[in-house]
Amino acid sequence: MSEAHALKPSPARWLVVIFPYVWLTLFFLAPFLIILKISLSDTAIAMPPYTPVFQGFGAIGDFISQLDIENYIFLTDDPLYIDAYLSSLRIAVISTLLLLLVGYPMALCMARASAGIRPTLVMLVILPFWTSFLIRVYAWIGILKPEGLLTLLLQTLGIYGPDDQVQIFRTETAVFIGIVYSYLPFMVLPLYAALEKLDGTLLEAASDLGCPPWKAFWKITFPLSLPGVIAGSMICFIPITGEFVIPDLLGGAETLMIGKTLWTEFFGNRDWPLASAVAVILLLVLVVPIMIFQNQQQKAEGK
Amino acid sequence: MAKSLGPVKRKFTPWTDPAAQPFIRFENITKRFGTFVAVDNLTLDIYEKEFFSLLGPSGCGKTTLMRMLAGFEEPTEGRILLQGKDISGVPPYRRPTNMMFQSYALFPHMTVEKNIAFGLEQDKLPKGEIDTRVQEMLKLVKLEQFAKRKPSQLSGGQRQRVALARSLAKRPKVLLLDEPLGALDRKLREETQFELMDIQHTLGLTFLIVTHDQEEAMTVSDRIAVMDKGIIMQVATPAEIYEAPNSRYVADFIGDINILDGKVVSTTAAGGQAGTVRLDCGGLAVAVDQECAAVVGNDVAFAIRPEKVRISLDKPADDSVNAAYGEVWDIGYLGDFSLFLVKTQDGRVLRAAQANVARLVDRPITFGDMVWLSWSADAGLVLTR
Amino acid sequence: MKSGRFDTTILTLCFAFLYIPIIILVIYSFNASKLVTVWGGFSTQWYRQMWSNEGLMDAAWVTIRVGILSASIGTVLGTLAALTLVRFTRFPGRMLFSGMIYAPLVMPEVITGLSLLLLFVAVGIDRGFWTVTIAHTTFTMCYVAIVVQSRLITFDRSLEEAALDLGCPPVKTFFKITLPLILPAVIAGWMLAFTLSLDDLVIASFATGPGATTLPIKIYSQVRLGVTPEINAACTILIGIVTIGVIIASVVTKRQEYQRQRDEHFAAKGA
């Protein structure tokens, strides 16, 4: 009922809005427009390796005539890029499913734990999230590489012979392990938030009405936790699609991911317009999941 | 806690004095939120030193009206006059009104003392004077020994007193109370009601209270405005509201009442004069003595409070009183009185209350008994709207 | 609700999965042997070596300065953004605004990084310390906004109204009432912003220039060459700092919670 603008908004109040608005427009929105423009530019030999955008603001006509879609045509011509996009999406989908598979039971057990230890459990999930992403991925190299600790463990247990080595490092499997490991807190926390506020008496009521526990889970718990499932999946799926560090450090040459391709185009081949085109298409691919995520957030905010 | 009895109250009726100037005047106030009309062209006068209640269900616009006086909302149309001056556009922090919030809104990071001093500090009063006033207020609400505590270290009743002290500290011209006792349990609420009245009387302030609790409004107020859907249904003293509600809505909202639909058969109460109105309430003939503008053939309602209906096993001796015959269908035993639900021959259920004056476990009238209900012509009311 | 043995097993496995790699990393930072799989006894030589590695130390110093600066600016902007999201329900471009707050949370870092770089080049800013700080401020402010926003949503507006009603003008009300009460969330936001900045590799790689190599960039370039105990040592110190910070924060919150419960107990009795 009571709303902020019930009072006549004094002009000073708008300063609150203006500072973050201007900052984000300048450093988040404007860069996207630039990336769009550059993806339509020619590659130039000079440094910076593209034809500059702002050669005076008067050159609007030039601006339009300079646009060309050759970079995009190049992207569709070379199967490398299409494969990288598809492969990224495939890895992101599988990773998200794996994360749900690991994260959901974990979140459920956390929500079912006694109220006294729940805050500690949440703390334990958050703690790794506070430690460096890079470090956490790095930690797996030592474990997974052929002469690494996993091999050592299996050899000690007698499962592997002294000359056998674990061949996971620099494969897609290693990428999946790294992703699940790194993104698990992002999946567990929204799931836990949704499951924790679930009213325990609902399950008692279901049980009272003759519904066995496993059925009650599918009929009551799971449907009510869906907002958490969607939020967690989006929070993981979107960044995983553009992931760079994990496939770069744990994946092999055959692990194609678009984030890595972009990085190579940019830092390796120094083809900025092509890198921009790759980014624009990646963004387009992710528009739908981002919209879903935003929608969810706004719904949560409206509550 | 011993209840201190304040000075003996005097009869106080400035609203009957045509020369009296209203202290607060709501003039054709309309407030819209989008398309929702919270307050609809409302006009209301409140007098100095009055204890005035806005009573109504949630969403009736009473809180919005109060918030407009405090300055948290601006009226969409109309104006508010305080001592004859238009206060539109004056921000809340420059209005001579103070409010006690429903949630109390005590600042959790400040002690009781600091909370009470907050308003005085805004006025930049000298430190010594602030201290004196804070002490005065703590004494008034009997919380001297709690001065250094934080709000979280207080019970609900104590928090309520701090909120009251804080809003009184600036000696506002008008104190606004938003459901002030809603969070207290019943016994504490009754006690606090009398304390509120004492404080209001002692300090000689104008109190405007918003409540949905009719008992609270009845107990504390000089006058009550009963509101519904953004308009005022009736403004009157608690006794008038109870005994002479002007509409079905008010009659039904305040207390327990029987309401029967009827038609005017004959009337001698023409032109605002008192007289006898005879009604036909679906076969039941009823006579009512009152002023009434209704004419023969009008659809009206007959209303009577259960405690004004007598119940007896024998037919009333006097033929001139109104009477109905029926079967005791249910009995509610409430300790101080019993409520009988009697089903008349035409299937209507009438309610009659009987004070339990003697100490008996078995009452003479019980379930299934055929009984007579009777009431005099001045007990009920004809409601024309 | 009862938590059976099954639940305990699942939780144990999940937490083992989350913690074992980090624990191994910490243990092997004290390994005297240079080989990862061989335990050569306890040693702190890698810490000493790390300490004398000037490149690493310079990078650490840059990272801390960027972190403090960007977290601080980001916290101010993020808090303002949270106020905007919660308090200004209707203004032109509100949809765009909330979009710009939420999008960076999930946006692949390569896109954010690349687009910022192109902006800096387009307007001709030399890349270095300040461009990294701007880049970090931009994405950390969104995290701060979310943290502060969730606190503001549950904030009892009548507290502010009470202050206004008692004669306190709006700006003063914000500093005397609102800010002290949302301060824990603002501090949490700052800490989150600082850690994110400390942690970031991808965006910093794009936004940086000569002379402003951050620690993650440094670590990354060495990690690509393989596992080295020296990096293990650097990582262990980073983990240690963060863990101590988080533990202090949680102890403080616990104590506040305890205090609050004690107060309420006290009040119930005092009634």
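Modeller: UniProt positions are given in the numbering used here, feature names are shortened, and annotations may be inferred rather than shown by experiment. With that understood, the unreviewed UniProt entry places the feature "transmembrane region" at residues 9-30, 59-88, 100-123, 129-148, 179-198 and 231-252 of chain C. This is a predicted model, in which local features need pLDDT of at least 70, side-chain atom pairs count only at pLDDT 80 or more, and totals for chains, interfaces and linings use all residues. Residues are numbered from 1 along each chain as its sequence is written, chains are lettered from A and ligands numbered from 1 in the order in which they are written, and side-chain values use heavy atoms, with hydrogens and water left out.

Biologist: How many helices and strands does the secondary structure of chain C come to?

Modeller: Chain C has 11 helices and zero strands. Helices (H or I, at least four residues) and strands (E, at least two) are DSSP runs, numbered from the N terminus. The C-alpha trace of chain C spans about 70 × 60 × 35 Å along its principal axes.

Biologist: What about the span of residues 179-198 of chain C?

Modeller: That span is 100% helix and 0% strand, and its end C-alpha atoms lie 26 Å apart. Residues 100-123 of chain C are 88% helix and 0% strand, with end C-alpha atoms 21 Å apart.

Biologist: What percentage of chain C do buried residues make up?

Modeller: Of the 271 residues in chain C, 56% are buried. Buried means under 20% relative accessible area, exposed over 50%, and partly exposed in between (1.4 Å probe, protein chains only).

Biologist: Now the interface: how many residues does the contact take from chain C and from chain A?

Modeller: The contact takes 93 residues from chain C and 93 residues from chain A, where contact means heavy atoms within 4.5 Å. The side of chain C that touches chain A divides into 66 nonpolar, 17 polar and 10 charged residues. Here Ala, Val, Leu, Ile, Met, Phe, Trp, Tyr, Cys and Pro count as nonpolar, Asp, Glu, Lys and Arg as charged, and the others, Gly among them, as polar.

Biologist: And how much area do chain C and chain A bury between them?

Modeller: They bury about 8,500 Å², 79% of it on carbon and sulfur atoms. In chain C, C:Phe17, C:Met100 and C:Val106 lose the most area to chain A, together 8% of what that side buries. Buried area is the accessible area (1.4 Å probe) that two parts lose on being put together, summed over both.

Biologist: How many salt bridges are found across this interface?

Modeller: The rule finds two salt bridges between chain C and chain A. A salt bridge is a side-chain nitrogen of Lys or Arg within 4 Å of a carboxyl oxygen of Asp or Glu. A:Asp248 and C:Arg224 meet in a salt bridge, at 3.2 Å from N to O.

Biologist: Changing topic, is A:Phe133 buried or exposed?

Modeller: A:Phe133 counts as buried because its relative accessibility is 14%. A:Phe133 lies in helix 6 (residues 133-144) of chain A. Leaving aside neighbours within four places in sequence, A:Phe133 is in contact with residues including A:Tyr183, A:Val245 and C:Asp199. A:Phe133 and A:Val245 are 112 residues apart in sequence and 8.8 Å apart in space, C-alpha to C-alpha.

Biologist: Where is A:Pro190 placed?

Modeller: A:Pro190 is in helix 8 (residues 172-196) of chain A. At 16% relative accessibility, A:Pro190 counts as buried.
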